[in-house]
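Open the model in your viewer and keep the sequence panel at hand. The tour goes stop by stop: select, look, move on.

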Amino acid sequence: MPTFDVGGLVVGTSSKVAHLYMKSPGVFAGKPFVDAVFDILNCTVTWNDVAVEGTYIDPSSSATKKIVLATVEGPANAILKGERTALNTISRCSGVASSCYRSSQKIKTMFP
């Protein structure tokens, strides 16, 4: 996590709420990392029921084409400080998990 955040200087410390969306189909992974990042920053993460680690999720079936996975509450500057680290980590974890899922699905069709 960055120790100096210019955005944090602008937004202040008032309490805010942010939403974590999933917009592309794939396997959701990385939940413990997001929890750890925001725990360090004294923010609260509330996960929606759909956010089950290791589950394939397809947001295209939703009317908005995106699904709210979690809500983060805390000081605005803390949310900004952690959001890039949390999003990069969850994107990487979900990308690896999704790649493994696609590979396993392909192998299952080759060797039924």
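Helices and strands here are DSSP runs, helices of at least four residues and strands of at least two, numbered from the N terminus. On that basis, the elements of the protein chain run α-β-β-α-β-β-β-α from the N terminus on. Note that this is a predicted model.

**Stop 1: the whole chain**

Show the protein chain as a cartoon. Count three helices and five strands. The C-alpha atoms fill a box of roughly 55 × 30 × 20 Å along the principal axes. Now colour by accessibility. Of the 112 residues, 29% count as buried.

**Stop 2: the largest pocket**

Select Tyr21, Met22, Ile90, Ser91 and Ser94. Of the 16 residues that line the largest pocket, these lie nearest its centre. Which element supplies the largest share of the lining of the largest pocket? It is α3, with six residues. The pocket has a volume of about 230 Å³. Colour its lining by class and you get nine nonpolar, six polar and one charged residues.

**Stop 3: the second largest pocket**

Next, move to the second largest pocket, with a volume of about 190 Å³. Its lining has 14 residues; select Ala18, His19, Phe38, Ile79 and Glu83, the closest to its centre. β1, α2 and α3 each supply at least two residues of this lining. Here the largest share, seven residues, comes from α3. By class, the lining of the second largest pocket divides into eleven nonpolar, one polar and two charged residues.

**Stop 4**

Keep Glu83 selected, one of the residues closest to the centre of the second largest pocket. Side chains of opposite charge can pair when their charged atoms come close. Glu83 forms a salt bridge with Arg84, and the closest N and O atoms are 3.6 Å apart. That is within the 4 Å cut-off for a salt bridge. The count for the model comes to one salt bridge. Glu83 has a relative accessible area of 24%, so it is partly exposed. Arg84 is partly exposed too, at 45%.

**Stop 5: a nonpolar surface patch**

Stay on α3 and select Leu80, which sits in this helix (residues 76-110). Together with Leu80 they form a nonpolar patch on the surface, with about 250 Å² of accessible area. Leu80 has a relative accessibility of 32%, so it counts as partly exposed.

**Stop 6: two positive phi values**

Select Asn42 in the loop between α2 (31-40) and β3 (44-47). Its phi is positive, about 60°, although Asn42 is not a glycine. How accessible is Asn42, buried or exposed? Asn42 is exposed, with a relative accessible area of 66%.

Then jump to Lys65. It lies in the loop between β4 (56-57) and β5 (67-75). Lys65 has a positive phi of about 65°, and it is not a glycine either.

Terms used: Residues numbered from 1 in each chain as written. Predicted model: local features only at pLDDT ≥ 70, side-chain atom pairs only at ≥ 80, totals over all residues. Heavy atoms only, no water. Patch = residues over 30% accessible without salt bridge, like charges linked within 9 Å, V, L, I, M, F, W, Y side chains within 5 Å. Areas by Shrake-Rupley, 256 points an atom, 1.4 Å probe, with all protein chains shown as cover. Salt bridge = Lys/Arg side-chain N within 4 Å of Asp/Glu carboxyl O. Buried < 20%, exposed > 50% of the residue type's maximum accessible area, 1.4 Å probe, protein only. 1 Å grid on protein atoms, 1.4 Å probe; cavity = no way out; pocket = protein on both sides within 12 Å on 5 of 7 lines; lining within 4 Å. Points joined across faces, edges and corners; volume = space filled by probe spheres on them. Nonpolar A, V, L, I, M, F, W, Y, C, P; charged D, E, K, R; others polar.
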